[in-house]
Amino acid sequence: MDNKHVGTEFYGSPLLWLPCELLVHAASYLSSESLFNLRLTCRRVETFLYDTFSEEFFSDRRFMVTECLGCLVNISKHPHLSKRVSKLTIGLDRLYSSDALAGHGGRNRNVNNYPVRDGIDPYKLQDLAAEQSWLISSGELQLLLGEALDNLPNVVELSVRDVNVARRFCRPGSSKLFVSYGVAEVRRQTGIDLLEDDSHLHLQDQFADILFTAALLAVVRTGKRLERITVDIQKREKGLSSSAFYTPNSLVEPLRFTLQDLHSLDLSVSFTYVSLGNYSNGSLAFLPWQPHYLFKLLEYTPNLVRLRVVSKGDSFLKHEIIGWLAQLVDLSNGIRVESTRLHGPLHSSLNHLSLAQRYQTLQHLELENMVAPATLLSKVLLHLTGSLRTLCLSMVGVSISQDDDELDNNPQSPNAWTSIFREMSKSVSLESLHISSLGHHVPSRLANDNRHQVAFLNSGSGVQSGPRNGLLNTWSHEGSVSSMKAFLLEVAEKTVIICTSCKQRNSGYWSFEDILQERSERAI
């Protein structure tokens, strides 16, 4: 802005003599409708509000899979707005014809007498649901995304979400949730409300897999380089299956180019459901020759700074992501790594040692809902002691091998987590730690429903919380590296494993009553 004020000549409105920065700040308090009206009052006002307006309304765009994607294509053809779009989100706002039903009928219900929910137009809903399926099955979705991305030069972030998230900035009178473009039109035509916080996906629907594959391949074919990928699926036990990550050999090099600068990867993954050749048939297990293609994609992301993997549902994949990271640790140490069935062989064109060494730059690691041997998790965390600044472990369990009697039978060290936290205290970079709902598995109790529960004794360090039964199962702390070392040693001393039956052979285990008694004694 060359001029200090909106106008350099005398104007009838004193508003035009305000400094530009003050005018922009005042406009931030307006509702969306009032902002649009203000922009229409004067060309000079529009000029100075344009940058903030286009950044707020076009830098981060979210669309549902309907013909409203044509709006994204139109934005991409605009000479100025097309340059503003940096983040593209595809909403998993799935439409089902059955959503028109007021309830599920029994076997003997008359097919011509199904009750319809009040305010719902079942015929229009059926049309839009069929349109959504056609966009996917015909390939039109990928064509529309490809056409738009060809003309969106600054897109560096791709997101796929099944729920509406809070807006970073909310104007007065606007929805506090960031919803997909097209949701309002669907509600107007059908009565279906997609503005709720809940997921609209059905459990066995492969909509998320197909959509992620189409979006990523559209990015690859247009030669974009992404910096962030987020797949956030809140539907319980629902995540991207192996098929979503498959890439044909003809696109391996373009994919590597697209992911070369990727520094943040946030995924909801299913290590359970496996496609059997197509998206309509699947199995809740892996066949002997089937790998999980997530690990192939990870081979092309050597510059990650942030990695978050949420495993959805019960896993049929042994050791999951922790096992794969442990393989990279062995590679960096010069240890020969044999390919595993589910991880698959590392791609022959990759410099494996370089890949393993680059993962040492990982600064932020979040793992949720998985089990791995204590030795593998310890190996990964020790490997990252020089770089890791933030670590989050939620519903992560460690298993003890049959020959590790020391950790299971010695009352002085009855759990693996104490050992892991002590080793983590060697970190020279960790500044933030969050641990929650951890598990501990001994050889005779490897089933998820029999795992030992991990709890923490009361402490004045960090922030502790837990369920209403009085157990503390969540602990977090942020601070300097030196304070984190002391905190980790405190965590190591205050971590206990709850199992009344195991306590009979190893006094190092705790019962629920022991914890309550310890808390009452501290209170006295």
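## Strand 15 and its partners

How many bridges join strand 14 to strand 15? Strand 14 (residues 439–441) and strand 15 run antiparallel, and 2 bridges join them. Helices (H or I, at least four residues) and strands (E, at least two) are DSSP runs, numbered from the N terminus. Two strands pair if DSSP finds at least two bridges between them. If you look for G439, its bridge partner in strand 15 is Q453.

Strand 15 also pairs with strand 18 (residues 495–498), in the antiparallel sense, over 4 bridges. Here V454 stands opposite I497. Buried means under 20% relative accessible area, exposed over 50%, and partly exposed in between (1.4 Å probe, protein chains only).

## About the model

This is a predicted model, in which local features need pLDDT of at least 70 and side-chain atom pairs count only at pLDDT 80 or more, while totals for chains, interfaces and linings use all residues. Residues are numbered from 1 along each chain as its sequence is written, and side-chain values use heavy atoms, with hydrogens and water left out.

## A closer look at T495

Now find T495 in strand 18. T495 is buried, with a relative accessible area of 4%. A polar atom of its side chain lies 2.6 Å from the backbone oxygen of V491.

Leaving aside residues up to four places away in sequence, T495 touches N415, W417, T418, F421, V454, A455 and F456. Contact here means heavy atoms within 4.5 Å.

## L393 in strand 12

Next comes L393, which lies in strand 12 (residues 390–399). L393 is buried, at 0% relative accessibility. Its neighbours, not counting residues up to four places away in sequence, are L367, W417, H434, I435, S436 and L438. L393 and M370 are 23 residues apart in sequence, and their C-alpha atoms are 9.5 Å apart in space.

## The nonpolar cores

A nonpolar core is a set of buried Ala, Val, Leu, Ile, Met, Phe, Trp, Tyr and Cys residues joined through side-chain atoms within 4.5 Å. The largest one has 127 residues, and I321 and W417 have the most contacts inside it. Helix 8 (residues 207–221) gives the most to this core, with 10 residues. Another core, of 6 residues, lies apart from it and includes A455, L457, V496 and I515.

What does I321 touch, not counting residues up to four places away in sequence? The residues are F295, L298, V309, L367 and M370.

Conventions
A polar contact is a pair of N or O atoms within 3.5 Å; within protein, one must be able to donate a hydrogen and the other to accept it, and residues adjacent in sequence count only if both atoms are side-chain atoms.
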